[in-house]
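Here are my notes on the model, point by point. Please read them with the structure open.

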2 protein chains.
Amino acid sequence: MNKVVLGIDIGGTNTVYGLIEQSGHVLFRGQIPTFGNEPAQNLANRLREKVDYFLEDHPDHELTGVGVGAPNGNHFTGVIQDPPNLNWGDVDIVSILKKKFSYDIILTNDANAAALGEKKFGIAKDMNDFVMITLGTGLGSGIFTNGSLLYGYDGFAGEMGHLSIDPEGRLCNCGRKGCLEMYVSAKGIRKSVNELKVKNPDDTFIQSLPEKGLDGRVLDKAFDAGERAAIELYQFTGEKLGIGLAQAATLLSPEAFIIYGGYSNAGERLLEPARRAMDEYLLSSHKGKILILQSSLPQSEAGIIGAASLIWSPRTV
Amino acid sequence: MNKVVLGIDIGGTNTVYGLIEQSGHVLFRGQIPTFGNEPAQNLANRLREKVDYFLEDHPDHELTGVGVGAPNGNHFTGVIQDPPNLNWGDVDIVSILKKKFSYDIILTNDANAAALGEKKFGIAKDMNDFVMITLGTGLGSGIFTNGSLLYGYDGFAGEMGHLSIDPEGRLCNCGRKGCLEMYVSAKGIRKSVNELKVKNPDDTFIQSLPEKGLDGRVLDKAFDAGERAAIELYQFTGEKLGIGLAQAATLLSPEAFIIYGGYSNAGERLLEPARRAMDEYLLSSHKGKILILQSSLPQSEAGIIGAASLIWSPRTV
């Protein structure tokens, strides 16, 4: 029998899942809507169906466990705590999945899952100290120290999106000011675009951007075409990112920050100004030493193979 | 033979040393001036003499290693890098000590040594995730994650004194602005006192404080006597400390911050406002969960017994 693990990456809009071999090879992969307005049981039922379809066609494969990455997923308790963009409140996802899948089920947060994926199968393979930054609706982080994931005392270490870079900065949903994700994330970029709209009433490009559902590829194209506002937007966002990374590096001294998720596709457009700002704000003993890299894993895979490695190698978790 | 380790805690003004048994018991302890204007060899010679005096009188004791804590001490290279308040530049202290002591010699920074001491023999014995904060001339930190000291990629993790709490704040010697130690340390408190002097020209207490060598005990007494300026000073300093701790907690999620060193003797005068500010600035998921404690070890001992445990239990380092 070919043993496989189900890796699940629960997102605010969609949930990616896949059956993964111990080598990290993704046997098959799919995506379904999360339906955050329905109870989480609904998602568990639909995932079970999808997996059954596959296993019926592949009787030589045996499911041996389920690894789950989710926003605000607490590794210690198995509970997703009031996840943003989902109306679930606190939900004991491990118990819910257990009813549908009678295997080992392990939960971590989505950024930790991506960090695990990068450590097991990506460019962080030989790194013991690195930070995975996920740029989605918000900004998440998964921190490796001394070769293992940092959970902290209560399982909630790595809330780098809420590192404040300016005590008088933008107000965050969390009630505090200047949180990094209010500048560097889909949410933050939307705020920056709105500020640019006010500042540049005659700029046809910036005025043409939609209020919601801004597509990063549109910004990338505009940047490449030399649109002043798109360049200013990435410079500004990259600089804020660099300031936040310098703050984190002062405590953690990592080998690299690895950027993952939607907006990471901007690549050097964002990372070049981030690198410059980080080096400006780093202590002299750190300057020029810390890498900012783009994730080496396919956008849709780091989360699920990282989640699967919760089962395959619990000891490094 | 009774095996002992020499623990050395090199400070900007004085160096504390002691012979320590595996139990953590300090057999004997002394203090000599560091003489930062003399070469480091001079300090090594004087330490060797002191240890020889003791061992000649105690022939049943055998020295088996030397552990050293020093500001900017790099565990990986054995080099103290341009230590503040010492004119040594970069000095390979491990090689220098090796010439006088032909044993295992291990270096770490002073705050890490104190953290090790607290972990081995103090209130952090059962903690896997905590941060030791040393309040001396500057502010140092030693971070435990997953039960071991965090060195990071290059050995320089834990520079919490240089976490910026205000991008437009006080200018630090490091060239950056708003570093925590510009508010919370002897250096920072001196600056705050000078600001209070300008703000309160008629306050006889605050005007009576010396420009240099401000004694924390004078402030403590004034606080207890209800001096408005002393109360304001500790409130202000404690609040800045709390903001810095909240920032660090957002990344590290520790069980406790443990405060050590000269100004930690202020105790609740400083820790009460720090606790209040930290809880105000923490994410709601962390609020009320993270302790701020005073070190349980004698002021002069955590450094040397921590340094000694570099030899006694290298695996937890």
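1. In this predicted model, 38 residues of chain A are in contact with 38 residues of chain B. The two chains bury about 3,100 Å² between them. Carbon and sulfur atoms account for 57% of that area.

2. Which residues of chain A lose the most area to chain B? They are Tyr153(A), Arg176(A) and Leu251(A). Together they make up 23% of what that side buries.

3. Polar links cross the interface as well. There are 21 residue pairs in polar contact between chain A and chain B, counting pairs with both residues at pLDDT 80 or more. The chains also share two salt bridges. One of these joins the side chains of Asp154(A) and Lys289(B), at 3.5 Å from N to O.

4. Strand E7 (139–145), strand E8 (148–149) and helix H7 (228–252) of chain A each put at least two residues into the side that touches chain B. H7(A) gives the most, with five residues. By class, that side of chain A has 19 nonpolar, 12 polar and seven charged residues.

5. Is Ser295(A) buried or exposed? Ser295(A) counts as buried, because its relative accessibility is 17% and the cut-off is under 20%.

6. What surrounds Ser295(A)? Leaving out residues up to four places away in sequence, Ser295(A) touches Glu118(A), Met132(A), Ile258(A), Ile259(A) and Tyr260(A).

Conventions:
Residues numbered from 1 in each chain as written. Chains lettered and ligands numbered in written order. Predicted model: local features only at pLDDT ≥ 70, side-chain atom pairs only at ≥ 80, totals over all residues. Heavy atoms only, no water. Contact = heavy atoms within 4.5 Å. Buried area = accessible area lost by both parts, 1.4 Å probe. Salt bridge = Lys/Arg side-chain N within 4 Å of Asp/Glu carboxyl O. Polar contact = N/O pair within 3.5 Å; in protein donor to acceptor, adjacent residues only side chain to side chain. Helix = DSSP H or I, 4+ residues; strand = E, 2+ residues; numbered from the N terminus. Nonpolar A, V, L, I, M, F, W, Y, C, P; charged D, E, K, R; others polar. Buried < 20%, exposed > 50% of the residue type's maximum accessible area, 1.4 Å probe, protein only.
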